[in-house]
Amino acid sequence: MKSVFGKEGKCWSYFYKYVKRRKGNKENIPAIKDCNGRNITDAIEKANTFNCYYSTVFSSEGNILHIQSENTGDPFSIDIKIIRRKIKAIGKIKSVGPDRVSGEILKLVGEAMIPYLARLLDIAVNNDTLPGEWKRATVIPIHKGGDRSLVTNYRPVSLTSVVCKQKEHVIASYLRQVWDKTDWLYEGQHGFRPGYSCESQVVTVCQDIADSMDNGDKIDAIIVEFSKAFDLVPHGRLLTTIANSVVDSRVVVCRREFNLGRTQRVRVGRQTS
């Protein structure tokens with residue numbers, strides 16, 4: 001009995017979870033149709049079809065080459081605590097990005113890796129350049145519902161560099177701290193903020209409605225559905241807004257470089273576009 005519920009039992013648990021993941025592999029894609037309605041069964045042709053579609057679903061508005069910012073905000077620095085926390089949070093089954101550096105390696109090396117990651121990120125921010133592998137993405141189409149033969153019914157999931165994600169976490173934390181300190185964000189912004197969520201937004205809306213009803217006020221509601229909102233955010237306009245929000249200019253330049261020269265390839269099975 002001890003072997004069943006002890007270490008051996010835990011090993012079997014991991015084994016069955018692995019089999020379940022492989023059995024229900026969401027990457028298995030049946031025949032799909034191109035724009036002319038022709039069935040595509042070849043894996044490489046599928047990957048090229050998905051890549052052609054995904055490359056058109058984004059906003060190219062604005063020129064970000066000449067966006068600059070002055071050093072008017074708090075100076076940016078690498079926060080070791082964030083790197084340590086994010087490395088611990090990396091999942092065991094986290095897929096590797098194009099640079100082939102796995103999150104599991106970062107977790108195994110642990111504390112010894114943190115100073116080197118901090119130094120690497122510091123060099124990237126201060127030298128206005130990023131490694132090419134950090135700008136590449138391997139895209140996996142995941143079926144989200146509906147007809148499985150339509151490419152529009154597959155959500156793209158991008159596998160990017162795990163190391164680069166540490167840079168993103170550090171910069172995002174810095175931006176949040178600066179914006180919270182300067183009260184730059186609108187108080188009704190509940191998304192992507194610590195301590196806020198969809199639940200807090202619903203509670204706020206319900207309270208506003210209740211207060212209005214108690215006061216006998218008229219209530220008008222406007223609900224807007226933005227299709228592909230995340231893909232259609234104009235990068236140039238967004239970066240200009242960040243540059244005007246009193247932040248370190250190195251962060252703005254780093255974000256600009258991150259958006260320049262990006263490439264992607266779609267993987268279907270073992271074949272890539």
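**Close-up 1. The buried residues of helix 6 pack against helix 4, helix 5, helix 7 and helix 10 (249-259).** Contact here means heavy atoms within 4.5 Å. Helices are DSSP runs (H or I, at least four residues), numbered from the N terminus. The model is predicted: local features need pLDDT of at least 70, side-chain atom pairs count only at pLDDT 80 or more, and totals for chains, interfaces and linings use all residues. Residues are numbered from 1 along each chain as its sequence is written, and side-chain values use heavy atoms, with hydrogens and water left out.

**Close-up 2. Helix 6 has a buried side and an exposed face turned away from that side.** Ile114, Leu117, Ala118, Leu121, Ala124 and Val125 are buried. Buried means under 20% relative accessible area, exposed over 50%, and partly exposed in between (1.4 Å probe, protein chains only). Down the axis of helix 6, the buried residues fall within an arc of 125°, so they line one face. The arc is that of the directions from the helix axis to the C-beta atoms. An α-helix has 3.6 residues a turn, so residues three or four places apart point the same way. Pro115, Tyr116 and Arg119 are exposed on the face turned away from the buried side.

**Close-up 3. The length of helix 6 agrees with its residue count.** At 1.5 Å a residue, its 13 residues should span 18 Å, and the end C-alpha atoms are 18 Å apart. The expected span is 1.5 Å times one less than the number of residues. Asp128 follows helix 6 and has a positive phi, near 55°.

**Close-up 4. Helix 6 (residues 114-126) packs with helix 7 (residues 162-182) at an angle of about 70°.** Their axes are 10 Å apart. The two helices are therefore roughly perpendicular, a term for angles of 65 to 115 degrees. Axes are lines fitted to C-alpha atoms, for helices over the stretch in contact; angles run from 0 to 180 degrees between N-to-C directions. Helix 6 contributes Leu117, Leu120 and Leu121 to the contact, and helix 7 contributes Val163, Gln166, Lys167 and Val170. These residues divide into five nonpolar, one polar and one charged.

**Close-up 5. Arg100 has a positive phi of about 65°.** Most residues other than glycine have a negative phi. Arg100 lies in the loop between helix 4 (80-88) and helix 5 (103-109). Its relative accessibility is 62%, so Arg100 counts as exposed.

**Close-up 6. Asp183 has a positive phi, near 55°.** Asp183 sits in the loop between helix 7 and helix 8 (198-215). Asp183 is exposed, with a relative accessible area of 65%.

Conventions: Angles under 35 degrees count as roughly parallel, over 145 as roughly antiparallel, 65 to 115 as roughly perpendicular and the rest as oblique. Ala, Val, Leu, Ile, Met, Phe, Trp, Tyr, Cys and Pro count as nonpolar, Asp, Glu, Lys and Arg as charged, and the others, Gly among them, as polar.
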